[in-house]
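Here's a quick briefing to read alongside the coordinates.

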Amino acid sequence: MRRIQAALRPHGVELGESSRPDPSRQRTTLAVLGRAGTGKTRLLVDVVRALEAADVAPLVPEDERRPGDRRSVAILAPTNKAAFVLRTRGVPATTVHRVLYTPLYHPDYERLADWLAGKSERPVLEGIGDAALDRAAASFAVHKSLPGALASAGLRGSDFIKGWKRREAPLDIGLVDEASMLDAQMLADLEELFGFLLLFGDPAQLPPPMAQGGMVFASLPEENRLRLDAVHRQAEGNPILDLAHALGDSAVDFAQFEGMLRQAATRDDRVRIAERADCDALAMSPILVWRNVTRVRLIHAFRSAHDAPEAALLPGEPLVCDGLELPARHRKRRGDLEARGLVKGAQAVYLGPGRKPGFSRLHVVGAEVPRVTAATIIRLEAPDREEPAVVAAARMGATFVHGAAVTIHKAQGSQWPEVQVFAPDLFAAARSGRVEAGIELWRRLAYVAITRAEHRLVWVTRPALARPRRELSVEHLESDAAAG
């Protein structure tokens with residue numbers, strides 16, 4: 001904290017005293033780096049509280065404007081899920097994109113929407129064939145939902161974003177959590193707009209897809225990289241953190257690491273080795289995989305084990321929010337959904353259909369008020385289908401995919417009490433020999449996957465799913481909601 005305090009002083013902020021204007025507009029970027037358990041998030045929260053005590057006003061998610069003449073701090077994260085985790089700690093965080101960028105849509109988006117609404121002729125769109133357009137039209141005729149029609153064609157509104165317009169008005173102080181997920185362009189834009197920028201990141205996590213040159217904080221001068229080494233969270237001989245830190249030893253190969261897992265499982269119940277994935281556990285937290293094809297196959301196996309219909313959901317099936325399909329002008333509605341926990345990456349359990357077409361009753365895991373009825377667009381993927389089945393299609397709202405399995409890349413920023421890791425996928429990554437940002441890919445995947453577990457890690461060794469021991473149910477969720 002002393003290093004951060006000293007770095008803020010030239011910017012007119014003295015922690016513990018009232019802040020003063022910063023006419024110099026000098027620019028400083030620091031990074032706080034540490035592995036799992038070293039207290040990065042705790043330090044971020046402490047910095048926010050110290051800035052508030054110095055009369056620096058946080059920018060809240062509902063209003064990204066600079067608050068008059070007061071000094072301001074924006075608390076940011078690369079994903080909605082990571083921002084939501086911070087908000088559960090009382091920190092008014094929002095996403096980097098929401099503060100810095102406005103999407104610019106390709107004209108094809110409006111052409112497709114106008115055609116579906118009967119306002120124009122059938123368009124000819126690059127990369128979208130006649131069969132996909134026919135599926136979109138058939139869906140729209142039934143549901144009158146543009147996001148649902150796009151989903152039927154294997155598309156999302158974000159597929160039509162051709163670029164981003166960056167805000168021009170300068171900002172003051174920026175704190176960025178999960179900075180390992182930033183790419184070089186994001187960092188450049190952040191540094192251009194913020195006078196003081198403080199990044200918090202884990203150098204052992206996964207860099208952004210297609211990133212060149214590794215983590216963005218690697219480009220900072222050595223003196224601007226502050227390192228946390230002491231482990232605080234779950235520090236008393238926690239085997240999960242011990243295994244995570246063992247992955248930092250390049251001499252430990254995949255076979256040796258599995259051996260360490262087996263040894264840990266004999267000593268501590270917080271680590272388990274399983275030949276088959278636990279089907280019942282998937283209803284509460286997803287199994288983590290590397291490859292998307294594995295994700296879809298495991299979801300299909302989960303639904304088949306419960307005799308779920310092909311194009312409908314059973315109460316109790318898990319979902320993951322895939323984003324909000326809402327126009328930019330619907331800021332208040334977006335804010336209302338996000339306040340209920342419906343952010344990209346949020347986990348939910350399907351309770352049943354709502355009263356209106358396209359609406360669903362949901363239990364949002366981790367939300368202060370978990371019961372919510374919302375407009376939804378829900379897609380179900382299957383290995384034998386080219387495009388997903390759309391089982392709920394509101395005009396606009398929160399989009400969902402099935403949540404029995406999630407890729408490790410998408411799991412960054414999330415945690416669950418118990419996590420199952422699909423080891424055959426990590427073995428495939430080890431066999432591939434791929435390296436990301438100077439570290440073997442399997443090693444990064446394993447590190448991210450096992451550090452998602454708060455209390456118990458289950459290492460699944462075979463590509464198999466155990467039969468469920470009980471039927472899907474929402475009774476425990478319904479009672480929890482009534483009690484709340």
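In helix α10, the buried residues are Phe254, Phe257, Glu258, Leu261 and Ala264. Looking down the axis of α10, these buried residues sit within an arc of 115 degrees, so they line one face of the helix. Keep in mind that this is a predicted model.

**Helix α10**

- Helix α10 runs over residues 254-267, which makes 14 residues. From its first C-alpha to its last it reaches 20 Å, close to the 20 Å expected at 1.5 Å a residue.
- What does the buried side of α10 pack against? The partners of its buried residues are α9 (239-246), β10 (271-274), α15 (423-432), α16 (441-450) and β22 (453-460).
- The N-terminal end of α10 is capped by aspartate 253. One of the side-chain oxygens of aspartate 253 lies 3.3 Å from the backbone nitrogen of alanine 255.

**Salt bridges**

- As a bit of background, side chains of opposite charge can pair when their charged atoms come close.
- How many salt bridges does the structure hold? The count comes to 25 salt bridges.
- Within helix α2 (residues 40-53), glutamate 52 and arginine 49 sit 3 residues apart, about one turn of the helix. Their side chains form a salt bridge, at 3.4 Å from N to O.
- Arginine 122 is partly exposed at 37% relative accessibility, while aspartate 130 is exposed at 54%.
- Next up, the side chains of arginine 469 and aspartate 278 make a salt bridge of 3.4 Å, N to O. Arginine 469 is in the loop between β22 and α17 (475-483) and aspartate 278 is in the loop between β10 and α11 (279-282), so this pair ties together parts that are 191 residues apart in sequence.
- As for accessibility in that pair, arginine 469 is exposed, with a relative accessible area of 60%. Aspartate 278 counts as partly exposed at 23%.
- There's a network too: salt bridges link Asp269, Arg272, Glu418 and Arg456.

**Cysteines**

- How many disulfides turn up when the whole structure is searched? The search finds 0 disulfides.
- For context, a disulfide is a covalent bond between the sulfur atoms of two cysteines.
- Cysteine 279 is buried, with a relative accessibility of 1%. Cysteine 321 is buried as well, at a relative accessible area of 2%.

**Glutamate 436, buried or exposed?**

- Glutamate 436 belongs to strand β20 (residues 435-436).
- This residue has 15% relative accessibility, and the cut-off for buried is under 20%, so glutamate 436 counts as buried.
- Setting aside residues up to four places away in sequence, glutamate 436 touches Leu206, Pro207, Leu441 and Arg444.

**Glutamate 310 and its surroundings**

- Glutamate 310 is found in the loop between α12 (292-305) and β12 (318-325). At 56% relative accessibility, glutamate 310 is exposed.
- Which residues does glutamate 310 contact, apart from neighbours within four places in sequence? Its contacts are Arg303, Leu380, Arg385 and Ala389.
- With arginine 385, the side chain of glutamate 310 makes a polar contact of 3.1 Å.
- Glutamate 310 and alanine 382 are 72 residues apart in sequence, yet their C-alpha atoms are 8.8 Å apart in space.

**Proline 10**

- Proline 10 lies in the loop between α1 (2-8) and β1 (28-34).
- Its relative accessible area is 47%, and proline 10 is partly exposed.
- Along the chain, proline 10 and threonine 28 are 18 residues apart, and 9.6 Å separates their C-alpha atoms.

Key: Residues are numbered from 1 along each chain as its sequence is written. This is a predicted model: local features need pLDDT of at least 70, side-chain atom pairs count only at pLDDT 80 or more; totals for chains, interfaces and linings use all residues. Side-chain values use heavy atoms; hydrogens and water are left out. Helices (H or I, at least four residues) and strands (E, at least two) are DSSP runs, numbered from the N terminus. The expected span of a helix is 1.5 Å times one less than its number of residues. Buried means under 20% relative accessible area, exposed over 50%, partly exposed in between (1.4 Å probe, protein chains only). The arc is that of the directions from the helix axis to the C-beta atoms. Contact means heavy atoms within 4.5 Å. A polar contact is a pair of N or O atoms within 3.5 Å; within protein, one must be able to donate a hydrogen and the other to accept it, and residues adjacent in sequence count only if both atoms are side-chain atoms. A disulfide is a pair of cysteine sulfur atoms within 2.5 Å. A salt bridge is a side-chain nitrogen of Lys or Arg within 4 Å of a carboxyl oxygen of Asp or Glu.
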